[in-house]
Amino acid sequence: MKHTSKYIFSIVLVLVSLLLHAQDKKTDTTIIKTSRYGVRVGIDLFKLSRAFYEKDYKGIEIVGDYRLTKKYFLAGEIGNEDKTVNDDRLNFTTKGTYFKAGFDYNLYENWLDMENLVYVGLRYGVSTFSQRLNSYSIYNRNDYFNESNTIVSGEKYSGLSAQWFEVVAGVNAKVIDNFYVGFSFRFNKLMSNKKPSNFDNLYIPGFNRTYDGDFGVGFNYTVSYFLPIYKKKTTLQVRKKK
Amino acid sequence: MKKLLILLVAVAWSSSSCEKDDICDSATSTTPRMAIDFYDITNPSLAKNVTNLVIVGEGLETGLRFNGISKILIPLKTTTDITKYRFILNYGSTDTSIINEDNLEFHYARSNFFISRACGFKSIFILDSENPYTLTDAAEPDQMWIQNITLVQPNILTEDETHLKIYF
């Protein structure tokens, strides 16, 4: 066993020395890489298309980012949602507007003039909305009288709000010219939630469905346009054969 | 890239494990029933067990049967502010002389409270302060077996406390 590992080690050593030797034959040259800085504005197609196959949903989201440095982008979303949830025991409609702001960090090392993004980011989201309880049923474990317990309500709860943090992971790829197609997944953690009395914020625009805990998930599919503002030149050290 | 992958897995996992509020937990306090304790009329501090007590709601054929216990829970109607019951003691006994039926009706106000997404709402009942209950003899008079009733707690919010005491 010891003998074999020694043998492998020596092979690796030989290969490494060969590699080092090969590199000696190269000299460095520099090429200039231009990076474009600007604003990217887009729309969420996922929210728009949902209205076609989900009759109880209407939503729109505008996304945008601004490149700050090589890797960091200032990013945000603004949107509006109108959703009716029909559960076994509740039927309610939530309407409202939300705004999210934060940053994205590009993990993707672009080669030459490529401008793609594989990013992780963080957002702080704020939403103001209203809810209307359409109907509900009374939970009665001992329904001796066999009563129909669905009650039509129509009660409106307005002036509600919520704030949350969002962890974002996504991809944005340049398809043609300045057009980008991308998608992102979001994991949300509720920070504050102004609930109505005798009801709950079971759906928060921008945050999505709330569970017993304070967590929510999100997804968007975007098409966006990049508006270049200025260019920055960076020199790259590239090794070339003689 | 590795970081991104870990994050995506974490998101997928967390979203799949959040479905816990889809089923109404049986431990959740929902619409309460009225709790009635039975006491001995000759010794009012002593709990007394009922024998084959069947209570039948107005307009219903089948009743709720209680035997050998001194504490019962009876449901109230959640669609009207009044619930009428026939309280039949020694139901089905071969000695028909000990079978005794009394009518007891409850008057109350209802409010509905939100519990959760899975459970919906629950009703709670506040017994009428002027006229919480009416005790009458059966349609075919057979003397009353219920000697006295005292109201302990007019607010029926949970099943954990006694609302009414019946002496017989």
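Good morning, colleagues. Please keep in mind throughout that this is a predicted model.

Let me begin with chain A. Its secondary structure comprises two helices and ten strands. Read from the N terminus, the elements follow the order α-β-α-β-β-β-β-β-β-β-β-β. Of the 242 residues in this chain, 26% count as buried. As for the contacts in chain A with a separation of 6 or more, 65% of them are between residues 24 or more positions apart.

Strand β5, residues 117-137, pairs with strand β6, residues 150-176, in the antiparallel sense, and 19 bridges join the two. To place this on the structure, please find A:T128, which stands opposite A:S161 in β6(A). β6(A) also pairs with strand β7, residues 179-194 of chain A, again in the antiparallel sense, over 15 bridges. Here A:V167 has A:F187 in β7(A) as its bridge partner. β6(A) and β7(A) form a hairpin with two residues between them. In that turn, A:D177 has a positive phi of about 45 degrees.

A positive phi occurs elsewhere too. In the loop between β5 and β6 of chain A we find A:N146, which has a positive phi of about 55 degrees although it is not a glycine. Is A:N146 buried or exposed? A:N146 is exposed, because 8 other C-beta atoms lie within 10 Å, and a residue counts as exposed at 12 or fewer.

B:N90 lies in the loop between β5 and β6 of chain B, and its phi is near 55 degrees, a positive value in a residue other than glycine. B:N90 has 19 C-beta neighbours inside 10 Å and therefore counts as partly exposed.

Staying with chain B, let us look at one of its sheets. Four strands form an open sheet in the order β4-β1-β11-β9, and the pairing is mixed. Which strands are the edge strands? They are β4 (71-74) and β9 (148-151) of chain B, each of which pairs on one side only. On average, neighbouring strands of this sheet are turned by 25 degrees against each other, direction ignored. β9(B) and β11(B) run antiparallel and are joined by four bridges. Within β11(B), B:L164 is the residue that B:L151 stands opposite.

In soluble globular proteins, nonpolar side chains tend to be buried together. The largest nonpolar core in this model has 24 residues, of which B:M34, B:I36, B:L53, B:I55 and B:F87 touch the most other members. The elements giving two or more residues to this core are, in chain B, β1 (34-39), β2 (53-57), β5 (82-89), β6 (100-116), β7 (120-127) and β11 (164-167).

Let us take B:M34 as an example. Which residues is B:M34 in contact with, leaving aside its neighbours within four places in sequence? They are B:L73, B:I74, B:L76, B:I156, B:H163 and B:L164.

Thank you for your attention.

Technical notes:
Residues are numbered from 1 along each chain as its sequence is written. Chains are lettered from A and ligands numbered from 1 in the order in which they are written. This is a predicted model: local features need pLDDT of at least 70, side-chain atom pairs count only at pLDDT 80 or more; totals for chains, interfaces and linings use all residues. A nonpolar core is a set of buried Ala, Val, Leu, Ile, Met, Phe, Trp, Tyr and Cys residues joined through C-beta atoms within 7 Å. A residue is buried if 20 or more other C-beta atoms lie within 10 Å of its own, exposed if 12 or fewer, and partly exposed in between; C-beta atoms are placed from the backbone. Two residues are in contact if their C-beta atoms, placed from the backbone, lie within 7 Å. Two strands pair if DSSP finds at least two bridges between them. Axes are lines fitted to C-alpha atoms, for helices over the stretch in contact, and angles run from 0 to 180 degrees between N-to-C directions.
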